Amino acid sequence: MFRLSVIPFRASQRRFSLYCAAALTTLVAVSQTHAQSAPKETPLSSVEALHTAFGDHHAEGGRAIHAKGVIFEGTFTPAPEARSIVKTPIFTGGPLPIIARFSLFAGVPDVPDNNDAASPAGFSIKIKAVDGDDFDLQCINHRDFAVATSDDFAALMRALGTTKPDSPHPNPVEQFLATHPHTKEFLGSRTYPASYAEAKYLGLNSVQFTNAHGKSVYVRYQFVPRAGEHYLTPEERKAKSGSYLQDEIVQRAAKGPIVFDWYAQIAEKGDAIEDPSIAWPDTRKLVKLGTFSVERQPSDLKTADRTLVFLVGQPHPGVEPADPMLVLRNTADPIGFGERQ
């Protein structure tokens, strides 16, 4: 239905600068409100930590994290029930165009799809709003995150980057895991989908929704595949090619739309709002927000890749970031974006 045009970077600099300024303002506000959990890491130091772990590939146009991926265009159709919990304009009209990206975790552009470092897989979406207030989303195929805070994540990335084959034991990674048992559990419980289209993706950072009547709730996102969930055993994964996920999703999209239903999981009293390493119980209420139809690749893939950035901590009418990690990502991602221009 829609053919999404990609705006060149130079033409979009003004909007990009406004987004960055808004994100920095929000970071200060969140830091003041959540003083105990406000990150000590700066946006720049967070990006540098990723480079320590994966190397600096920005000269090749590579991202600092989730470097290997595949981009599609498609459509978002809002669900009527979304308006019961949120007043953002994208939920009040008709279908909107999207640009989406499936990706592997590592910040290495040529990491094999069947490599251990490929998980968790990512799914990022930009809903192109009529008023220009694009709505960005990022999620992974895991029910919780490896660490509780941005500071811990940066420390983990530095530990990965400074651990060498000949590092004496306990090496930096072993030292980190000894004091972060959940991270060790996370690494051991990662799953590897048979297809990008056959994984459930979750937005682990909490946001606050407010509806037209002024009632607010905390939510986390879920993206449920219409194709069902299918994951590989270690033996099945190792037998796959190093490009099996990317090859399969391109072939699948050529045959017909890939559909995900988008839900908001509603927090209850006692649920962790600022700690993405703690999953909310599966018994929590779900409200459908809409449906994503992933349909085709952009005609100019190179330009689409170079100009695409997801500002997931950007506030919108009725939507505010509730997790300091989300806001720091919103200020760190533009640094990585600028590096690859």
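What share of the contacts with a separation of 6 or more in the protein chain comes from residues 24 or more positions apart? The figure is 78%. The model behind it is predicted. The protein chain has 341 residues, and 53% of them count as buried. Nine helices and nine strands make up its secondary structure elements.

The largest nonpolar core holds 76 residues. Those with the most contacts inside this core are Phe-102, Ile-127, Tyr-201, Phe-209, Tyr-221, Phe-223 and Trp-262. Leaving aside residues up to four places away in sequence, Ile-127 touches Phe-76, Ile-90, Leu-96, Pro-97 and Ile-98, among others. Its partners also include Asp-134, Phe-135 and Leu-137. Trp-262 and Phe-292 are on the list too. Trp-262 is itself named among the core residues with the most contacts.

Now turn to the helices. Two packed helices are described by the angle between their axes and the distance between the axes. Helix H2 spans residues 43–54, and helix H3 spans residues 150–162. Their axes lie 7 Å apart, at an angle of about 30 degrees. Angles under 35 degrees count as roughly parallel, so H2 is roughly parallel to H3. The crossing of H2 past H3 is left-handed. From H2, the contact uses Ser-45, Ala-49, Leu-50, Thr-52, Ala-53 and Phe-54. From H3, Phe-153, Ala-154, Met-157, Arg-158, Leu-160, Gly-161 and Thr-162 meet them. By class, the contact of H2 with H3 has eight nonpolar, four polar and one charged residues.

A second pair has another geometry. Helix H4 covers residues 172–179, and H4 packs against H5 at an angle of about 110 degrees. The axes of H4 and H5 are 5 Å apart. Angles of 65 to 115 degrees count as roughly perpendicular, and H4 and H5 are therefore roughly perpendicular to each other. Phe-176, Leu-177 and Thr-179 in H4 meet Pro-181, Thr-183, Lys-184 and Leu-187 in H5. The residues of this contact divide into four nonpolar, two polar and one charged.

Follow the chain on from H5. The loop between H5 (181–188) and strand E5 (201–210) contains Glu-198. Is Glu-198 buried or exposed? Glu-198 has a relative accessible area of 14%, so this residue is buried. Not counting residues up to four places away in sequence, Glu-198 touches Pro-193, Pro-225, Ala-227, Gly-228, Glu-229, His-230, Tyr-231 and Arg-252. Glu-198 and Phe-260 are 62 residues apart in sequence, yet their C-alpha atoms are 9.6 Å apart in space.

Conventions:
Residues are numbered from 1 along each chain as its sequence is written. This is a predicted model: local features need pLDDT of at least 70, side-chain atom pairs count only at pLDDT 80 or more; totals for chains, interfaces and linings use all residues. Side-chain values use heavy atoms; hydrogens and water are left out. A nonpolar core is a set of buried Ala, Val, Leu, Ile, Met, Phe, Trp, Tyr and Cys residues joined through side-chain atoms within 4.5 Å. Buried means under 20% relative accessible area, exposed over 50%, partly exposed in between (1.4 Å probe, protein chains only). Contact means heavy atoms within 4.5 Å. Axes are lines fitted to C-alpha atoms, for helices over the stretch in contact, and angles run from 0 to 180 degrees between N-to-C directions. Helices (H or I, at least four residues) and strands (E, at least two) are DSSP runs, numbered from the N terminus. Angles under 35 degrees count as roughly parallel, over 145 as roughly antiparallel, 65 to 115 as roughly perpendicular and the rest as oblique. A crossing is left-handed if the near helix is turned anticlockwise from the far one by less than a right angle, and right-handed if clockwise. Ala, Val, Leu, Ile, Met, Phe, Trp, Tyr, Cys and Pro count as nonpolar, Asp, Glu, Lys and Arg as charged, and the others, Gly among them, as polar.
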